[in-house]
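Here is a short briefing to read alongside the structure. Take a look at the model first, and then walk through the notes by topic.

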Amino acid sequence: MSALAPGSFAPSDDRFGEFPHSLDARVFVVADERVLRLHPPVARAVKRVPHVALTAGENAKSLRTVERLAVAALDVPRDATIIALGGGTIGDVTTVFAHLHKRGARLVHVPSTWLAAIDSSVGGKGAVNVKGRKNALGVFHAPAETWVCPQLFTTLTPAQRLEGEAEAYKMALTLDATVWRTWRLARPDDTSLVRTSRALKNAICVADPYERTGRRAVLNFGHTFGHVIESLTRYRVRHGVAVALGMVCALDLSRALGATNSLDVDRHLPLADSARSRVRAVFAGTTVAQVKALLAGDKKGASATHTRFVLFNEPGRTELRDVPHEAWKPLWRAWASGVAP
Ligand SMILES: NC(=O)c1ccc[n+]([C@@H]2O[C@H](COP(=O)([O-])OP(=O)(O)OC[C@H]3O[C@@H](n4cnc5c(N)ncnc54)[C@H](O)[C@@H]3O)[C@@H](O)[C@H]2O)c1
């Protein structure tokens with residue numbers, strides 16, 4: 001047995017295949033009730049072992065849910081394996097619970113959304129929201145294994161797929177020029193999209209497992225404006241779409257600040273055809289002052305006067321730069337008119 005505490009960082013041991021027909025008795029499953037409803041064979045296996053079914057969504061990411069899980073798992077031994085079966089919200093709250101269960105239990109992720117498979121189940125972060133503040137309390141607790149079960153993805157809608165796809169393309173563009181060049185020519189099949197993006201994120205997390213060196217910050221590419229877009233639209237624009245649009249804004253800013261002279265990468269990102277009109281739809285009804293205030297409040301912000309941006313240099317290469325809050329202002333007219341600056 002390893003001397004390391006459960007949840008200590010190690011690259012995820014990924015297993016691709018079907019969800020097991022029967023589970024070991026020493027598990028405790030936290031499952032998205034919708035996934036159980038949509039996948040009867042999975043539900044049959046889960047219902048034979050200790051489990052809790054939750055309604056997914058931001059409301060599930062709460063201390064109240066952690067307490068509910070703790071009560072249900074009072075008699076679950078500390079050497080049991082906690083299984084998180086669901087999307088990012090189930091994964092996040094279960095990660096917090098696994099970190100606390102008897103001072104830390106072994107965790108297995110079974111991501112059921114594209115976003116969870118590509119992004120949130122890699123890297124060991126878990127969090128709950130407090131009084132509407134997203135991810136206000138969080139932990140690092142890495143999964144011992146991740147079971148990627150493609151059967152679960154058959155019930156996702158195109159919009160749900162886009163949630164993860166934007167993150168996958170972000171990783172290819174910012175982390176690996178070879179992968180980017182391949183994906184630019186033709187969209188990879190589902191399995192290689194998931195495998196490759198998990199490998200890319202894993203490599204970054206190995207280099208900066210506890211977000212101490214700044215290396216992981218590259219994963220925020222497109223997220224600064226993405227968060228602005230989510231806030232301005234009160235989350236009517238979903239995270240995946242917001243990130244896709246945020247990347248277009250970040251690329252414009254990178255060009256305006258001389259960080260890159262690349263002109264064509266935007267064309268190969270998800271939503272490329274509609275990105276400019278979607279950016280216009282968000283920004284046309286708002287003001288420069290609103291955007292400025294949101295950037296100033298960005299929790300990854302550099303200072304009272306500067307915002308920390310991940311700027312794009314070329315495929316596979318980015319830089320972190322503290323940029324005056326108003327550096328994007330010359331781009332505003334173009335964004336609000338739906339054209340490239
Ligand atoms: N820990 C991290 O590193 C990290 C990274 C990125 C995002 N996140 C978090 O992830 C969360 C978003 O994750 P999400 O988009 O997966 O949300 P989610 O868990 O709310 O799932 C979205 C919807 O998909 C449904 N669903 C799940 N699996 C399904 C399936 N197989 N078929 C059909 N429907 C299914 C859910 O019931 C839910 O309605 C956010 O809270 C975000 O903060 C965490």
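Domain bounds here come from an automatic or database domain assignment. With that in mind, this predicted model is divided into domain 1, residues 13-155, and domain 2, residues 158-337.

- Taken over C-alpha atoms, the centres of domain 1 and domain 2 are separated by 28 Å.
- Domain 1 brings 13 residues to the contact, and domain 2 brings 17.
- On the domain 1 side, helix H5 (residues 114-120) gives the most, with five residues.
- That side of domain 1 is made up of nine nonpolar, two polar and two charged residues.

**Around the ligand**

- The ligand has 29 residues around it, and those that come nearest are Gly87, Gly88, Ser112, Thr113 and Ser120.
- Several elements each supply at least two residues of this shell: helix H1 (33-38), helix H4 (88-100), H5, strand E6 (125-130) and helix H6 (158-175).
- By class, the shell around the ligand holds eight nonpolar, 13 polar and eight charged residues.

**Helices H9 and H12**

- Helix H9 (residues 223-232) packs with helix H12 (residues 288-296) at an angle of about 120°, and their axes are 10 Å apart.
- The crossing in which H9 passes H12 is right-handed.
- From H9, Val228, Ser231 and Leu232 take part, meeting Gln290, Val291, Leu294 and Leu295 of H12.
- This contact of H9 with H12 has five nonpolar and two polar residues, with no charged ones.

**Helices H10 and H11**

- Helix H10 (residues 239-256) and helix H11 (residues 275-283) have axes 10 Å apart and pack at an angle of about 95°.
- H10 and H11 are therefore roughly perpendicular to each other.
- H10 contributes Ala244, Leu245, Val248 and Cys249 to the contact, while H11 contributes Ala275, Arg278 and Val279.
- Six nonpolar residues and one charged residue make up the contact of H10 with H11, and no polar residue takes part.

Definitions and conventions
Residues are numbered from 1 along each chain as its sequence is written. This is a predicted model: local features need pLDDT of at least 70, side-chain atom pairs count only at pLDDT 80 or more; totals for chains, interfaces and linings use all residues. Two residues are in contact if their C-beta atoms, placed from the backbone, lie within 7 Å. Helices (H or I, at least four residues) and strands (E, at least two) are DSSP runs, numbered from the N terminus. Ala, Val, Leu, Ile, Met, Phe, Trp, Tyr, Cys and Pro count as nonpolar, Asp, Glu, Lys and Arg as charged, and the others, Gly among them, as polar. Axes are lines fitted to C-alpha atoms, for helices over the stretch in contact, and angles run from 0 to 180 degrees between N-to-C directions. A crossing is left-handed if the near helix is turned anticlockwise from the far one by less than a right angle, and right-handed if clockwise. A residue is near a molecule or strand if its C-beta atom, placed from the backbone, lies within 6 Å of it. Angles under 35 degrees count as roughly parallel, over 145 as roughly antiparallel, 65 to 115 as roughly perpendicular and the rest as oblique.
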